[in-house]
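Thanks for coming. I will go through one model this morning, a few places at a time, so please keep the structure open as I talk.

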Amino acid sequence: MSNPELPAREAMEFDVVVVGAGPAGLAAAVRLKQLSPDTSVVVVEKGSEVGAHILSGAVIDPIGLDALLPDWRGEDAFTKTAVTDDRFYVLGPSGALRVPNMLMPRLLSNHGNFIVSLGDVCRYLGKKAEALGVEIYPGFAAAEVLYDNDAVAGIATGDMGIGKDGHHKPGFARGMELRGKYTVFAEGARGSLTKALIARYGLSQNAEPQKFGIGLKELWQVAPDRHRPGLVQHTAGWPLDNATGGGSFLYHFGDRLVAVGFVVHLNYANPYLAPFEEFQRFKTHPLIRDTFAGGKRICYGARAISEGGWQSVPRVAFPGGVLAGCGAGFLNVPRIKGSHNAVLSGMLAAEHITTALAAGRANDELAGYEAAWRASPIGRDLRPVRNVKPLWSKFGTFLGFALGGLDMWTSTFGFSLFGTLRHGKPDSATLKPAAACRPIAYPKPDGKLTFDRLSSVYLSNTNHEEDQPVHLLVRDPALQKSCEHDVFAGPSARYCPAGVYEWVEEGGQPRYVINAQNCVHCKTCDIKDPNQNITWVPPEGGGGPNYSGM
Ligand SMILES: Cc1cc2nc3c(=O)[nH]c(=O)nc-3n(C[C@H](O)[C@H](O)[C@H](O)COP(=O)(O)OP(=O)(O)OC[C@H]3O[C@@H](n4cnc5c(N)ncnc54)[C@H](O)[C@@H]3O)c2cc1C
Ligand code: SF4
C-alpha cells in the first residue's frame with residue numbers, strides 16, 4: 001500500500017513483469033521475447049546476482065531446455081555431466097540394500113538426464129534473456145503486489161535504507177513500482193507474494209494443502225580416486241525412522257565435484273528432529289562416508305521443496321497474473337525434479353501472455369493457462385506420481401514406498417488402484433507435543449565429514465545488511481513462548497538450517513532470539529511453525545545467500 005507520509009515511488013511500465021530469476025521466471029522471459037521481440041519484459045531477483053539464491057540437486061530432465069533453447073547442449077556455458085550410472089538404495093544403520101534398476105518404475109530412470117549446477121543454468125538463462133532484450137534487476141526483492149481494482153498491476157520493490165528500529169538511514173530510497181499488463185510470479189517454493197496472492201484470491205480453495213520438504217545440500221570437491229563422474233545415487237531410510245519421510249541424493253559431476261544432499265519431509269512429527277543433524281549423520285553411513293575421505297566441502301545451503309504435486313496445485317491464473325514453477329507446486333516428488341516443469345510452465349505462461357497481448361488484452365485472467373497445464377507435459381509428469389507422497393505419509397517409508405512404487409508402475413499403464421489420495425493436514429499441523437516425544441541425541445560434528453550449523457552457514461556466503469528491520473515476523477510473541485516453546489520445546493531452533501532461532505535463558509525466563517542475518521531464505525519457518533506465527537518477508541534486496549555452484 002502506498003504510504004502518504006513517504007515520497008511517491010517512481011513507476012516504470014512494462015508489458016510483463018516477472019518476479020524471480022529462477023528457471024521458471026527466466027524461461028518465461030526468454031520465451032516472451034522469442035515469441036514477440038517487441039514485448040517489454042522486466043525480471044526482478046532478490047539475490048545479489050542471478051543464481052545467487054538458487055539451490056537445487058541437480059539432475060535435470062532436459063525436456064524443458066530442449067524446448068526453450070534447442071542448441072543448449074552444444075554450448076559451453078555451464079558444466080553438464082551426462083548420467084551414466086543410476087542407483088537407489090534403502091539404508092539401514094550399517095547396511096544398504098540396492099533396489100535393482102529393473103524393479104524401479106520407468107519414470108524414475110535418469111537415463112538421458114544431466115547433472116548440473118542449477119544456479120549456473122540460471123546464469124546461462126539470464127544471459128540469454130538479456131541478449132534478447134529482457135531487463136534483469138538483481139538485488140531487488142519484490143515486496144508488494146500492486147493492484148488496480150481487483151487485478152494485479154505489477155509489483156513494488158522494497159524500500160532500501162530503513163534501520164532496525166524503522167528510522168530512515170541517510171541512504172534511504174523508496175522502492176520502484178514496476179507496472180505490467182501481466183505479472184508472472186516465479187518465486188519458487190513458498191514464495192512470499194505467492195502466499196499472499198493464494199490467500200487474496202482463494203486460489204487453493206479446491207486444492208489439497210501444499211506439502212513441503214526441506215532440502216539441505218553440500219557441494220564437495222572430492223579426491224580424484226573417489227570421483228565417479230555420471231553417478232547418480234539416491235537413498236531412503238536411515239537415519240530417518242520409518243515414520244519420517246525423506247532421503248538423500250549424491251551426484252558426481254564436473255571437475256571432481258559431488259553434490260550431496262538430504263531431504264526431510266516437513267510433515268515430521270517429533271519436534272526434537274533436526275533436519276541439519278540428520279543430514280550430517282547420513283554422511284557417516286558406510287556406503288557414503290568414503291566418498292568424502294580426502295575431499296573438501298566448498299558450499300552449503302538449504303531450500304524448501306514443494307511436495308504436494310498434482311492435487312495441491314492451486315489455481316495458477318488470476319486477474320493480471322499467473323504462478324509458474326515451484327511457486328505453483330509443479331515438482332515431481334519421487335523424481336526430486338522440478339526444474340524441467342519450472343521451465344515448461346514459464347514457457348506455457350509466456351505463450352498465453354503473448355496471445356493475450358496480441359489481442360490487446362491486459363490485466364485480465366489467463367484462463368487458457370489454467371486450462372492448459374494439466375493436459376501439458378507438466379500434468380503428464382505429475383499425474384502418475386500423485387499418490388506417492390500421500391502413501392508415504394500414511395504408511396511410512398517401507399510400506400508407503402512399496403505401494404507408491406506399485407502405483408507408479410500401474411500408472412505407466414494408465415490406471416491407479418488408489419484414485420487420487422488426499423494429503424490431509426498442512427505441515428504446520430503435524431508436530432506432536434514434546435511431552436509425547438523422545439529427544440534425539442545427535443553425535444557431535446568431527447569438522448572433517450560432519451559440521452555444525454554456523455561453520456556451514458559461513459560456506460553459504462550469506463550476508464544481510466545488519467541494520468534493517470527483522471524480516472522474520474513473529475505475529476504474537478506471547479504465543480511463541482506459550483506454545484512453540486512450552487508445548488513443542490522450540491522446534492524452530494532445530495528445523496532452521498542456519499541457526500537463526502534460539503531460545504536462551506535470561507533471568508530464568510526463555511527469550512526468543514532471531515539471528516536474522518544468518519537466514520538462507522529456505523522458508524521452512526514460514527511453513528513449519530506450529531501456529532503459523534512466523535511470516536518470512538523479503539529483506540533488503542541483495543541480502544541472503546551467495547551460492548556458487550549450487
Ligand atoms: C535440495 C534440492 C534438490 C533438488 N534437486 C533437483 C534435481 O535434482 N532436479 C530438478 O529438476 N529439480 C530439483 N530440485 C527442485 C528445483 O530446484 C526446483 O524445482 C526449481 O528450482 C524451481 O524453479 P523456480 O524457478 O520455480 O524457483 P527457484 O529455483 O526457487 O527460483 C526462484 C527465484 O526467485 C527469486 N525470488 C523469490 N521471491 C522473490 C521476490 N519476492 N522478489 C525477487 N526475487 C524473488 C529467488 O531468489 C530465486 O532466485 C531440487 C530442490 C532442492 C531444494
Ligand atoms: S529463518 Fe526461516 S527461512 Fe531463514 S534459514 Fe531459518 S528456517 Fe530458513
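This is a predicted model: local features need pLDDT of at least 70, side-chain atom pairs count only at pLDDT 80 or more; totals for chains, interfaces and linings use all residues.

Asn461 has a phi near 55°, a positive value in a residue other than glycine. At 42% relative accessibility, Asn461 counts as partly exposed.

Ile336 is another non-glycine residue with a positive phi, here about 40°. You will find Ile336 in the loop between strand E20, 321-323, and helix H7, 339-358. Its relative accessible area is 30%, so Ile336 is partly exposed.

Now the cis peptide bonds. One joins Gly57 and Ala58, with omega about 0°. Ala58 sits in the loop between strand E2, 41-45, and strand E3, 59-60. Another cis bond runs from Trp238 to Pro239, and there omega is near 5°. Pro239 belongs to the loop between strand E15, 231-237, and strand E16, 246-253.

Next, Glu208, in the loop between helix H4, 192-201, and strand E14, 212-221. Is Glu208 buried or exposed? Its relative accessibility is 12%, and the cut-off for buried is under 20%, so Glu208 counts as buried. Leaving aside residues up to four places away in sequence, Glu208 touches Gln311, Ser312, Arg422, His423 and Gly424.

On to helix H12, residues 477-485. Its buried residues are Gln480, Cys483 and Glu484. Why do they fall on the same side of H12? Because they cover an arc of only 105° around the axis. As for what they pack against, the list is strand E21 (472-474), helix H13 (492-495), strand E22 (501-506), strand E23 (509-514) and strand E24 (534-536). At the start of H12, a side-chain oxygen of Asp476 comes within 3.1 Å of the backbone nitrogen of Ala478.

The largest cavity has a volume of about 800 Å³. It is lined by 48 residues, and those nearest its centre are Ile54, Leu55, Gly188, Ala189 and Arg303. Elements giving two or more residues to that lining include helix H1 (23-35), strand E18 (296-306) and H7. By class, the lining of the largest cavity has 29 nonpolar, 12 polar and seven charged residues.

The second largest cavity has a volume of about 80 Å³. Of its 15 lining residues, Cys496, Pro497, Cys519, Cys522 and Cys525 lie nearest the centre. That lining divides into 12 nonpolar, two polar and one charged.

There is also the second largest pocket, with about 690 Å³ of space. It has 30 lining residues, and the closest to its centre are Ala243, Thr244, Tyr268, Ala269 and Asn270. Helix H5 (275-282) and helix H10 (388-412) each supply at least two residues of the lining. Which element gives the largest share of the lining of this pocket? That is H10, with five residues. The classes here are 11 nonpolar, 11 polar and eight charged.

Technical notes: Residues are numbered from 1 along each chain as its sequence is written. Chains are lettered from A and ligands numbered from 1 in the order in which they are written. Side-chain values use heavy atoms; hydrogens and water are left out. Buried means under 20% relative accessible area, exposed over 50%, partly exposed in between (1.4 Å probe, protein chains only). Helices (H or I, at least four residues) and strands (E, at least two) are DSSP runs, numbered from the N terminus. The arc is that of the directions from the helix axis to the C-beta atoms. Contact means heavy atoms within 4.5 Å. A polar contact is a pair of N or O atoms within 3.5 Å; within protein, one must be able to donate a hydrogen and the other to accept it, and residues adjacent in sequence count only if both atoms are side-chain atoms. On a 1 Å grid over the protein atoms alone, a cavity is a set of points where a 1.4 Å probe fits but cannot get out, and a pocket is an open set with protein on both sides within 12 Å along at least five of seven lines; lining residues have an atom within 4 Å of a point. Grid points are joined across faces, edges and corners, and a volume is the space filled by probe spheres set on the points. Ala, Val, Leu, Ile, Met, Phe, Trp, Tyr, Cys and Pro count as nonpolar, Asp, Glu, Lys and Arg as charged, and the others, Gly among them, as polar.
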